[in-house]
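Subject: Structure handover

Hello,

Please find the sequence and structure below. My notes on the strands and helices follow.

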Amino acid sequence: MIRLLHGDDEFSIANSLEAHLANLGPPELRAPNVTVFEAPAARMAEVFAAAMISPFLTDRRAVVVKGMLKPMDTRDEKVRADWESFGERISKDAMQITNDLIFVENVRLSLTSRPLKALVSFAEVEKHTIPSRRERMGWIRNRFDFRGVQASASAISRFNDIGGDDVRRMDSEIKKLGLYADGRMLQPNDIDLMVADTSQDRIFNVMDAIIEGRHNLAIGGVQNLIGNGESIEGIFALLTRQVRILIVAAHMLGHGATSSEVGQRLRINMPWLLDKTCKQASRVGSRRLQAMHLHMLDVDVDGKTGRVDRRLTVEMLVSGLIGR
């Protein structure tokens, strides 16, 4: 069996991978029957050789390959020399592979390149994406059921209000609620007591929406932040800081710097935050970020000199940034 797990929901991908590996047999026999190759060190010849080794005391074994397919999916990254013939190799050897060969990519792949089309013709593909706001309530209900935690409809609604967008964090909170409830039905006051409000996280989600040009979420998000008491100055300061960080990151990445070098320059120590910053900087691009920064300067001057009402400056800022 050849399998491809891809998408931006790392939590669901990890759960799916664990479920597939659990089918290999008892835990004590699983370790010797799982081989993991990770980018950038994985060599294609070794991967295919491992995929044809006989299992040890079980019927099956698994070979997991992480992070090697993304360069094949985009023109922005160079495919490593020994993986350039991947399409031909998978077409030639797919039917001879005797183990589970599982490719894992924690990004969404378009699957339109020739080598990935060859892979998809033989593979079972799972796409895992972070649930949208419209889908999130259903995801939360399903996760409460999966964890065996009973909660009233109003409690689930309250959890949706304050639980944030991070699916891994939400699952952790649901497990914690299950221990706290000890079998009884949870109510909204239990959610307020046990789950931290992620309003600060929402501020950064709105910042991301503005920078990435997601119009409805950006405009509505800013209005909600102001309505909930967030200061106009605070919104402006956070946005200014984030754009400046991204300008530096985009400039460094455009001149060949590694993500680690970007992290050292910007003093970003958390891997997930550094990964997010680099991806966002690359996605938005230096030219648009610089145009955004100049627009922010113009709007700031208009607000501070009294030419435009301070609240209106934020709406002008957001509309102008989204249009750039």
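Strand β1 (residues 2-6) runs parallel to β5, and four bridges join the two. Within that pair, L5 stands opposite E126 of β5. Strands here are DSSP runs of E with at least two residues, helices are runs of H or I with at least four, and both are numbered from the N terminus. Two strands pair if DSSP finds at least two bridges between them.

Before the rest, some notes on the source. This is a predicted model, in which local features need pLDDT of at least 70 and side-chain atom pairs count only at pLDDT 80 or more, while totals for chains, interfaces and linings use all residues. Residues are numbered from 1 along each chain as its sequence is written, and side-chain values use heavy atoms, with hydrogens and water left out.

The sheet

The β1 and β5 strands belong to an open sheet of five strands, ordered β2-β3-β4-β1-β5, with parallel pairing. Its edge strands are β2 and β5 (124-127), each of which pairs on one side only. From one strand to the next, the twist averages 15°.

At the β2 end, β2 (residues 34-38) pairs with β3 (residues 62-66) over five bridges, in the parallel sense. F37 has V65 as its bridge partner in β3.

Helix packing

Helices α7 (residues 133-146) and α9 (residues 167-181) pack at an angle of about 40°, with their axes 10 Å apart. Axes are lines fitted to C-alpha atoms, for helices over the stretch in contact, and angles run from 0 to 180 degrees between N-to-C directions. α7 and α9 are therefore oblique to each other (angles under 35 degrees count as roughly parallel, over 145 as roughly antiparallel, 65 to 115 as roughly perpendicular and the rest as oblique). Their contact (heavy atoms within 4.5 Å) is made by R136, W139, I140, R143 and F144 of α7 with V167, M170, D171, I174 and L177 of α9.

Helices α13 (residues 232-254) and α14 (residues 259-266) also have axes 10 Å apart, at an angle of about 145°. On α13, the residues I245, V248, A249, M252 and L253 meet E261, V262, R265 and L266 of α14.

Regards
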